[in-house]
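Let's read a protein model together, one feature at a time.

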Amino acid sequence: MTLKERITEDMKAAMRARETQRLGAIRMLTAAIKQREVDERIELDDAAVVGVVDKLIKQRKDSIEAFEKAGRQDLADNEAAEVAVLQAYLPPRLSADEIAAQVRAIVAEVGATGPGDMGKVMGAAKSRLAGKADMGQVSAAVRSALAG
């Protein structure tokens, strides 16, 4: 079963169970997937769907931060609930040690020597670790690997 089919099945299950908050998050996800498919005139594969999920989670986390600064904990809680639903569609994440090991391997492959090679290393890391790791953690690991 593809990831899109699983999302559709989960949406049907949420409708039957009358889970309105979960249903809303899944509908938002399917809308984002369809929007990207229409915009780019392609059929998204599982890797591209994971990219969409990742983007939506990042947007939700940014919203949570903004709502908490504004003192709107009720809205922050809604966004956090959506993040919890969306995270079910991501593959297991790499640990910090695994990310550091992957980054060291990429630095060696690319032949990076210093902070000036950050873009080259991040490009390779993004293609290899997208969906498997938080890119903020990857960026920090790249910085530390290139610093010393």
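**Reading the model step by step**

A: The accessible surface of the protein chain comes to about 8,900 Å², of which 52% belongs to carbon and sulfur atoms. Accessible areas come from the Shrake-Rupley method with a 1.4 Å probe, and for residues only the protein chains shown count as cover. This is a predicted model, where local features need pLDDT of at least 70 and side-chain atom pairs count only at pLDDT 80 or more, while totals for chains, interfaces and linings use all residues. Residues are numbered from 1 along each chain as its sequence is written, and side-chain values use heavy atoms, with hydrogens and water left out.

Q: How many helices and strands does the secondary structure of the protein chain have?

A: Helices (H or I, at least four residues) and strands (E, at least two) are DSSP runs, numbered from the N terminus. Here the protein chain has 7 helices and 0 strands, giving the pattern α-α-α-α-α-α-α along the sequence. The C-alpha trace spans about 55 × 40 × 30 Å along its principal axes.

Q: What share of the residues of the protein chain count as buried?

A: Buried means under 20% relative accessible area, exposed over 50%, and partly exposed in between (1.4 Å probe, protein chains only). Of the 148 residues in the protein chain, 34% count as buried.

Q: Which residues does Thr-30 contact, leaving aside its neighbours within four places in sequence?

A: Contact means heavy atoms within 4.5 Å. With those neighbours left aside, Thr-30 is in contact with Ile-7 and Met-11. Thr-30 lies in helix 2 and counts as buried because its relative accessibility is 14%. For the whole protein chain, residues 24 or more positions apart account for 58% of the contacts with a separation of 6 or more.

Q: Is Glu-37 buried or exposed?

A: Glu-37 counts as buried, because its relative accessibility is 13%. Glu-37 is found in helix 2 (residues 20-40). Not counting residues up to four places away in sequence, Glu-37 touches Lys-4, Ile-42, Glu-43 and Leu-44.

Q: How many salt bridges does the count come to?

A: A salt bridge is a side-chain nitrogen of Lys or Arg within 4 Å of a carboxyl oxygen of Asp or Glu. By this rule the count is 14. Lys-4, Glu-37 and Glu-43 are linked in a network of salt bridges.

Q: Which residue forms a salt bridge with Arg-60?

A: Glu-82 does, with the closest N and O atoms 2.7 Å apart. This pair links distant parts of the chain, 22 residues apart: Arg-60 is in helix 3 (residues 46-69) and Glu-82 in helix 4 (residues 73-87). Both Arg-60 and Glu-82 are buried.

Q: Where does Lys-120 stand, buried or partly exposed?

A: Lys-120 is partly exposed, with a relative accessible area of 47%. Lys-120 forms a salt bridge with Asp-117, the closest N and O atoms being 3.8 Å apart. Asp-117 itself counts as buried, at 16% relative accessibility.
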